[in-house]
Amino acid sequence: MDEVFKALADPSRRLLLDSLNADNGQTLRELCAGLDMTRQAVSKHLAVLESANLVTTRRRGREKLHYLNAEPVNAIADRWINRYDRGRIAALADLKTALEGANMSEEFVYTTYIKTTDRKLWQALTDPAFTKQYWGASFDTDWQPGSVMTWYEKDWKSTDPEQVVLEAEPYRKLSYTWHTMSLEHADAFGIDHEKARQWMTEPRSKVTFEIEPMGEIVKLTVVHDGFEPDSALLKALSGGWPSILANLKTLLETGEVLQFE
């Protein structure tokens, strides 16, 4: 965690995080325009933030977009902060909240590094024996592009011809559409019907898992997109993904799952 604290200690780097918190997914040019720093200075600070995994990047055409990444601070909170008095670390807890509540415009992007292999990670993303442990959900499909997916979670089941596998490149990339929102889903998870009906009016989103082996670790980037501006569903899902991915990382590295309060 030394790199995280070092990165956060610099006020210029905190300004960059504030900028991404206000408007996530910016190019270098856009970041420079909003800050009183040279392009070279911004590039150097971004490199430090990327090294600490507080900022993650993705290519979109010829542009390189920068996203605020909550994973490092979530890791501190989930694996360390919970053992101590939260009152003494209010600043870090506030940062965790800010990172999770970043304005993600129309997509959620989250990068984590897991000490595992690309094959084990692929299995954890597709094998119901794994997904049930860290997610509580499982999927019935052959994981071929175009195949329909049946979702299971608790006593809820969802089958829909639009719930499909989009891409499946073993050990590198997996993408599928999100499950259908319904009042049955709301009842199964104690969600208010008014909120559920709002989610049901939104377009179907999709989630993509990008896997990149890096020696003894694997870089996993999760992109959940296809949302409309100011999506209420995106706000809800962005609060759930960090816990799922922290559980996935812990399961693969320790064989156990986290116990959330």
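This is a predicted model: local features need pLDDT of at least 70, side-chain atom pairs count only at pLDDT 80 or more; totals for chains, interfaces and linings use all residues.
Two packed helices are described by the angle between their axes and the distance between the axes. Take helix H1, residues 2-9, and helix H2: they pack at an angle of about 90°, and their axes are 5 Å apart. That angle makes H1 roughly perpendicular to H2, because anything from 65 to 115 degrees gets that label. On the H1 side, the contact is made by Lys6, Ala7, Leu8 and Ala9, while H2 brings in Pro11, Arg13, Arg14 and Leu17. Sort those residues by class and you get five nonpolar and three charged, with no polar ones.

H2 (residues 11-22) has another partner, helix H4 (residues 39-51): the two axes come within 10 Å and cross at roughly 80°. H2 and H4 are therefore roughly perpendicular to each other too. Here H2 uses Ser12, Arg13, Leu16 and Leu17, and they meet Val42, His45, Leu46, Val48 and Leu49 of H4. This contact with H4 splits into six nonpolar residues, two polar and one charged.

Side chains of opposite charge can pair when their charged atoms come close. Glu50 does this with Lys64, forming a salt bridge whose closest N and O atoms are 4.0 Å apart. The pair ties together distant parts of the chain, with Glu50 in helix H4 and Lys64 in strand E2 (residues 63-68), 14 residues apart. The structure as a whole holds nine salt bridges.

Now for the largest pocket, which has a volume of about 500 Å³. Which residues sit closest to its centre? Out of 21 lining residues, they are Trp135, Glu153, Leu237, Gly240 and Ile244. Strand E5 (148-153), helix H9 (183-189) and helix H11 (232-254) are the elements that each give two or more residues to the lining. H11 supplies the largest share, with nine residues.

Conventions
Residues are numbered from 1 along each chain as its sequence is written. Side-chain values use heavy atoms; hydrogens and water are left out. Axes are lines fitted to C-alpha atoms, for helices over the stretch in contact, and angles run from 0 to 180 degrees between N-to-C directions. Helices (H or I, at least four residues) and strands (E, at least two) are DSSP runs, numbered from the N terminus. Angles under 35 degrees count as roughly parallel, over 145 as roughly antiparallel, 65 to 115 as roughly perpendicular and the rest as oblique. Contact means heavy atoms within 4.5 Å. Ala, Val, Leu, Ile, Met, Phe, Trp, Tyr, Cys and Pro count as nonpolar, Asp, Glu, Lys and Arg as charged, and the others, Gly among them, as polar. On a 1 Å grid over the protein atoms alone, a cavity is a set of points where a 1.4 Å probe fits but cannot get out, and a pocket is an open set with protein on both sides within 12 Å along at least five of seven lines; lining residues have an atom within 4 Å of a point. Grid points are joined across faces, edges and corners, and a volume is the space filled by probe spheres set on the points. A salt bridge is a side-chain nitrogen of Lys or Arg within 4 Å of a carboxyl oxygen of Asp or Glu.
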